[in-house]
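Reader: I have a model open and would like to go through it before setting anything up. Can we take it piece by piece?

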Amino acid sequence: MQQKVVIKVYMCCPKSRSRALKIAVGASGVESVALKGDDKNQIEITGDGIDAAELTRLLRKKIGHAVLESVGAAGGDGDKKKEEDKGKENEAKMQMVWPPYHASLPLYYHDSCGYSFI
């Protein structure tokens, strides 16, 4: 079954756009990739058996901040989509934000008995 995945990637220059497209095309099951949105900051990927979470993770690792916008079936009837959109207007959108990773030393303290606690 064909899938359509939309990932929003914050890209600052044309070089990062081309790198993001290369990463998306290299994923397994991808048939087509296109840039969408006003600032060309959304990547629309169409294919069969795409692992959207893994692709988003790769884009975060190589490019920068990436947000998985939507995953759904490609093609389909326009009437069904309009009916679904009417129902989805009332739903609240939930966005997953990954906190930045800061490496630090673990905090240890020693009590008078010589035991260390984390």
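Reader: Confidence first. What is the average pLDDT?

Author: This is a predicted model, and the protein averages a pLDDT of 79. Of the residues, 64% score at least 70.

Reader: Where is the confidence lowest, and where highest?

Author: Lowest in strand β6, residues 116-117, with a mean of 54. Strand β3, residues 42-48, has the highest, at 94. Where pLDDT is low, the predicted coordinates should not be read in detail.

Reader: Noted. How many helices and strands are there?

Author: Three helices and six strands. Along the sequence the pattern runs β-α-β-β-α-β-α-β-β.

Reader: And what share of the protein is buried?

Author: Buried residues account for 20% of the 118 residues. As for contacts between residues at least 6 apart in sequence, 61% join residues at least 24 apart.

Reader: Go to α1. What is its span?

Author: α1 has 13 residues and covers 18 Å from first C-alpha to last, close to the 18 Å expected at 1.5 Å a residue.

Reader: Which of its residues are buried?

Author: In α1, S16, A20, I23 and A24 are buried. Viewed down the axis of α1, these buried residues fall within an arc of 95 degrees, so they line one face of the helix.

Reader: Why would that spacing put residues on one side?

Author: An α-helix has 3.6 residues a turn, so residues three or four places apart point the same way.

Reader: What is on the other side of α1, and what covers the buried residues?

Author: P14, K15, K22, V25 and G26 are exposed on the other side. The cover over the buried residues of α1 includes β2 (30-36), β3 and α2.

Reader: Now α2. Which residues are buried there?

Author: A52, L55, T56 and L59 are the buried residues of α2, which spans residues 52-62. They fall within an arc of 100 degrees seen down the axis of α2, so they line one face of the helix. A53 and K61 are exposed on the face turned away from that buried side. β1 (2-9), α1 (14-26), β3 and β4 (66-73) are among what covers the buried residues of α2.

Reader: What does L59 touch, leaving aside its neighbours within four places in sequence?

Author: With those set aside, L59 is in contact with I7, V9, A20, I23, I43, G64 and A66.

Reader: Which members of the largest nonpolar core touch the most others?

Author: Of its 16 residues, they are I7, V9, I43, I45, L59 and I63. At least two residues of this core come from each of β1, α1, β3 and α2.

Reader: Last item, backbone. Where are the positive phi values?

Author: One of them is at K40, a residue other than glycine, with phi near 55 degrees. K40 is in the loop between β2 and β3, and counts as partly exposed at 42% relative accessibility.

Definitions and conventions: Residues are numbered from 1 along each chain as its sequence is written. This is a predicted model: local features need pLDDT of at least 70, side-chain atom pairs count only at pLDDT 80 or more; totals for chains, interfaces and linings use all residues. Side-chain values use heavy atoms; hydrogens and water are left out. pLDDT is the predictor's confidence in each residue, from 0 to 100. Helices (H or I, at least four residues) and strands (E, at least two) are DSSP runs, numbered from the N terminus. Buried means under 20% relative accessible area, exposed over 50%, partly exposed in between (1.4 Å probe, protein chains only). The arc is that of the directions from the helix axis to the C-beta atoms. Contact means heavy atoms within 4.5 Å. A nonpolar core is a set of buried Ala, Val, Leu, Ile, Met, Phe, Trp, Tyr and Cys residues joined through side-chain atoms within 4.5 Å. The expected span of a helix is 1.5 Å times one less than its number of residues.
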